Amino acid sequence: MTDARSELRIAVAAFAARPRVLVAVDFDGTLAPFVTDPLQARALPGGLEALVAAAALDDVTAAVVSGRDLATLAALTGIGPDAGVTLIGSHGAQTSLGQHTNPGDPANPGDRSNLHPAGDAAFLDEEATARLNVLRGELEAIRFRYPSVRLENKPSAVVLHTRGVEPSVAAAATAAAHEVGARYAGVHVMPGKDVVELTVLEANKGNALVDLARATSSDATLYLGDDVTDERAFAALDPQSGDLTVKVGEGETVAAQRVPDPESVVALLELFVAQRRVAQGRPVQGRVAQRRVD
Ligand SMILES: [Mg+2]
C-alpha cells in the first residue's frame, strides 16, 4: 500500500486496536482473481495465510463469506474444520460455525439461530425443495436455448454463469433468468458479475455477518468484497461504530474505503495482522532487532 492509502492504513490500525474483532472477506474477485471456469478460482498467495494468521490471534474471528456453496468453498480454499477460519456459504444460508473442533468459549456460545450448519436436515423445507426443482428445470431450458452458458446447482439455489459468453447471448440468457425469477413467489434473484442466481432462501451476506459478529461477541467487523451482493454486507455494518467496510475494484458502493484489486486485499489482511500484533504488544516478526552477544 502506498502513502496515498494512508487513510486506509489509519483505519486498519484503529480497527486492529478494538478489543474483539471479526475479519471477513468475500472469495471470488476479492481473495481470488476471476477466471472463466469458476471451479479453477484460487486465492492469491498470502491471502488465506493472512486469514489463518489473523484467526490465530487473540480475540479475532476470521471468515470467508461467499455465494459459493459451503462444500465448494471448502474445496477451493482448502480451509478445513481445524484451520480456525469460519466459512459462510450460499450468501449466508450455510456456515461451518459449530463444525470446528475448538468452538471457542463454551460459556458464551452466542446466538447461531439464523446460521445453518452444513448438513442440517432442516436446511430446506418441502416447499422450498419443490421450488428449487422447478427453478432447475426452468434454467435447464434456458441453457438448452443458449448452450454456451453454464449452470451451477447449489443446495438452495441455481446459478446461471455467463463469463466469457458472447455479450448478446449473455444478455438474452440473463434476461430470461430474471424473467423466471419474477414469475415464481418465494424465489429471490441475486445478480452479480456475469452471473445471476435464483435462490429459494432469503439469505444475504449482511444478515450473515451480523449473526456471526453476534455469535462471536465481536465489537467491530472488517468486511472486504467486490460485487453487488457484498453491498448488503457493507450496508449492514456501521463505520461510525468501528466497523471497516472496503470495496474491491470499481463500481458504486456504500463501503467507506476502496482498494483496487485482490493483491491489495492480501496486503490489507497482512497489514491487519501486523497492526493487531502491535496493538496486543507482540513483536512483529522479522522486525525484531538482533542483538549481537559478544
Ligand atoms: Mg466476489
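1. **Basis.** Residues are numbered from 1 along each chain as its sequence is written. The model is predicted: local features need pLDDT of at least 70, side-chain atom pairs count only at pLDDT 80 or more, and totals for chains, interfaces and linings use all residues.

2. **Confidence.** pLDDT is the predictor's confidence in each residue, from 0 to 100. Its mean over the chain is 87, and 86% of residues reach 70 or more. Residues 100–114 fall below 50, and this stretch has 16 contacts in the model beyond near neighbours in sequence. Residues 118–122 are also below 50, with four such contacts. A contact means C-beta atoms, placed from the backbone, within 7 Å. Where pLDDT is low, the predicted coordinates should not be read in detail.

3. **The sheet.** Seven strands form an open sheet, ordered S4-S3-S2-S1-S9-S10-S11, with mixed pairing. S4 (94–95) and S11 (257–259) stand at the edges; each has a single partner strand, so one side of each lacks a neighbour in the sheet. Strands (E, at least two residues) and helices (H or I, at least four) are DSSP runs, numbered from the N terminus. Two strands pair if DSSP finds at least two bridges between them.

4. **S1 and S2.** S1 (residues 21–25) pairs with S2 (residues 60–65) in the parallel sense, over five bridges. Ala24 has Ala63 in S2 as its bridge partner.

5. **Strand S10.** Five of the five residues of S10 (residues 244–248) are buried, so the strand is largely enclosed by the rest of the structure. Buried means 20 or more other C-beta atoms within 10 Å of the residue's own; exposed means 12 or fewer, and partly exposed lies in between. Leu244, Val246 and Val248 point one way, Thr245 and Lys247 the other.

6. **Partners of S10.** S9 (residues 220–225) pairs with S10 in the parallel sense over four bridges. Tyr223 stands opposite Thr245. The chain crosses from S9 to S10 through helix H7 (residues 230–236), in a right-handed β-α-β crossover. Right-handed means that, with the strands pointing away from the viewer, the path from the first strand over the helix to the second runs clockwise. S10 and S11 pair in the parallel sense over three bridges. There, Val246 has Gln257 as its bridge partner.

7. **Val266.** This residue lies in helix H8 (residues 262–279). Val266 is buried, with 21 other C-beta atoms within 10 Å. Leaving aside neighbours within four places in sequence, Val266 contacts Leu44, Gly46, Gly47 and Ala50.

How values were computed
Two residues are in contact if their C-beta atoms, placed from the backbone, lie within 7 Å.
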